[in-house]
Amino acid sequence: MLSSDDPFASILEDALEYNYPPLKTRPDVPQAIQNPITFYDRHIDSNLILKHVKAAPSLSQDLSAEWDRMLGAFTAAGHHFYRHDYLFPQNDPATMDDSEDVGEQYYACVARACIRYASKLCIHPQELAWSCLFGFSTFNVGYDDEENLFLREGRLFPFYKSLSSNPFIPQSLVESFDKATFDMMEEFPRTFPWLAVWSFFALTKSGETLVTRMKATPQFKWEGAHTTGYPTTTPLRPPLDAPKTVLPNETMPKYQRSKRVVAKGPNIRRDFSATSTTSHIVIAPIHDKSSALKPKVVQVKVPGRRGVTRRKYRLNGNDYIQRTWASAVKYDATFLIFNCGTYERIGIRHRASQTLYLSNAIDTVHCKNPKYRKIHMGLHIAILQDALERYKAKKNTGGSPTTPGTPTRKRSTENLESPPSSPSKRRKVSPQTFPRVYNEGGVYKADETAKEISSRELAIIRLDYEHYRSPVPSSFIRQGSSCVPGLFDDSFKEPARKAVYSSSHFMMITLQAPIGTGAVGVIHRAVIEVETDSGEKLSHRCLVKLGFSEAQQTSMRNEYNMYAHLASVQTVEGVIRVHGLFQDIETSTMALVMDHGGKSLRTRELEKDSKFKKDEVYVPQIEVDAFLRALEGIHRGGILHRDIRLDNLLVNDDNEVSVIDFDRAGLCAYAEVFADELDELRGIVNCIEGNEGRGKEENEGEEAQEEGTESTEDDETDETDDSLSPQLTP
């Protein structure tokens, strides 16, 4: 503590000696509590998942001691606290009902003060003012816009703007940094976008039960997919832990790098596929004299149906531990906090041993020696000290500061745009965008790969990007026929589910990093791999939309139905190929598999001018005519699109156009409505001829005048689906 004659001593004592006042537990939240584990959580790399939960009963005292240690170092160096611009913490929390209230009151009464003390003691003790380099926020957890009343996540984060231009950071503080500190804090937002993860629960009996009953689990059961028979992937190497930790040495394992995991076996080989930036293990065919001409048939066994159930979700603390750990993995955070208002547990993630060290339940109202806010003073200091230690370790070892895991084997970067140049055996791989092929009679001709894809009843889907590398893939059953012209089956019925599928009945889909999110779900670039009866392996680049919530899946089914209708009436021009609708057996997640249609007109304009914000473009007459023909064809099929905008108008590498995103579309029989939509398209896509040669300033001035006088009708357009274009990045 400060000396008794220090004018700041009483202020500091008031800050440290604080608990929440008595809080009233509320009835359960007025909505059904859902399983918090997401589809993505099931596909985290096996070297990054949680395997053990161990008790850390002394953690509260250890954090209090960390505060005392840092305060002692601060005063020993001759630094002082000053009352100037000091922000007194709030001591009387408002009513806490749902998870949002719990998070907001935690920040107001605890975190706001703790962040400032930690920032001063750890980064800028010489600064007189109470400046802060970090922020705190909470946000909704869920797949759609419905607010989750029971669970809300929080994060401590470094301010994202550059130090030189951040309005929240005084320039006097920035100027006081030496070059090393300045460079470090400039890199911090990219290195550690989240410094710690909070899970806030509603102040209810369920929330209290969840937190108080969390316990040590020697062998934690991570909930993943349950497909069997398909080869596993090579795991990533976990990122570094901090060399020093707040826990005693006898509690935490010694600092060490993870050992490389190597798969062994006579028929195991490494495969560096063009579809992945990382290696994975595949089963190499075993040939003998009797089977030299026969390819090895791989069989997969699918799990029992678990996703579609009417049973009420039963609260399980391990599910929430997994969800919070998954967020910590995503952003490479070390500290996990579980808080329901009246009780709290603090956890420390040890990456090398894949262990969570969990404190005893902390009574936020009655705890003493230390009091609640002092525990969190030490916690926030420990969080920043951990980040500083890891930053230095990464710089010293040359590790990538932005990657939560690294491959256990080095390889060059490969992606969809730049496949490997000289593999020993190359699969047949489709181009990035697929040109439409017609025979001599002008009838669409489906290619061999599309035919093979259309015949597959099962899609085995795995993730392979960043920290996602599916230890076990998910099994998706076909729910709808291929809509590729010539392959559409109007009499399609969901196939009878089997326990085991051979390679001729399933296809493998590898999802890469998402490129967009919206009302229908999340869009991924992906690669489909199929094996023919002759043993030939075919690959096809595509997009996969994943829908999770009921609202997303309703929109996705409607979109698929529109594509199916257009396929049934043989509308081809301007419609991208859709290879089917699938649903995960275990989670009910839906997947719409389709070709990549190219770049949207908006994306194309943004590549020319990063400040482009208009809702209309000038394009060559040939493109104007192509888009009009495409929309007229869609109208002849009886479909009204209802969402014509630049994001949904695509042009591929072969200068073929497409109209996408039919989730709002519907059947229509009114010619005047179709005419209105064509007029809407004409107002968006203008012919560039007649505008060439005009000066840029003249164009901008005329466009500004037009914007000032045009109708505000476009402003009323519903644009909740703006980010669904395959070209937009998340």
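A: Helices here are DSSP runs of H or I with at least four residues, strands are runs of E with at least two, and both are numbered from the N terminus. The model is predicted, so local features need pLDDT of at least 70 and side-chain atom pairs count only at pLDDT 80 or more, while totals for chains, interfaces and linings use all residues. Residues are numbered from 1 along each chain as its sequence is written, and side-chain values use heavy atoms, without hydrogens and water.

Take helix H2 (residues 59-76) and helix H3 (residues 99-122). Their axes, which are lines fitted to C-alpha atoms over the stretch in contact, with angles from 0 to 180 degrees between N-to-C directions, come within 10 Å and cross at roughly 50°. H2 and H3 are therefore oblique to each other; under 35 degrees would be roughly parallel, over 145 roughly antiparallel, and 65 to 115 roughly perpendicular. On the H2 side, the contact (heavy atoms within 4.5 Å) is made by Trp67, Met70, Leu71 and Phe74, and on the H3 side by Tyr117, Lys120, Leu121 and Cys122. By class, that contact has seven nonpolar residues, no polar ones and one charged; Ala, Val, Leu, Ile, Met, Phe, Trp, Tyr, Cys and Pro count as nonpolar, Asp, Glu, Lys and Arg as charged, and the others, Gly among them, as polar.

Trp67, Phe74 and Tyr117 of this contact also belong to one aromatic cluster, together with Phe8, Phe81, Tyr86, Phe88 and Trp130. Rings of Phe, Tyr and Trp (its six-membered ring) pair if their centres lie within 6.5 Å; planes under 30 degrees apart are stacked, over 60 edge-to-face, and the rest tilted. The whole structure holds 36 aromatic pairs. Phenylalanine 39 and tyrosine 40 have ring centres 5.8 Å apart and planes at 80°, so they pair edge-to-face. Phenylalanine 39, at 2% relative accessibility, is buried, where buried means under 20% relative accessible area, exposed over 50%, and partly exposed in between (1.4 Å probe, protein chains only). Tyrosine 40, at 11%, is also buried.

As for the backbone, most residues other than glycine have a negative phi, and most peptide bonds are trans. Asparagine 369 and proline 370 are joined by a cis peptide bond, with omega about 10°. Glutamine 570 has a positive phi near 60°. Glutamine 570 lies in the loop between helix H10 (550-568) and strand E22 (578-584), and its relative accessible area of 66% makes it exposed.
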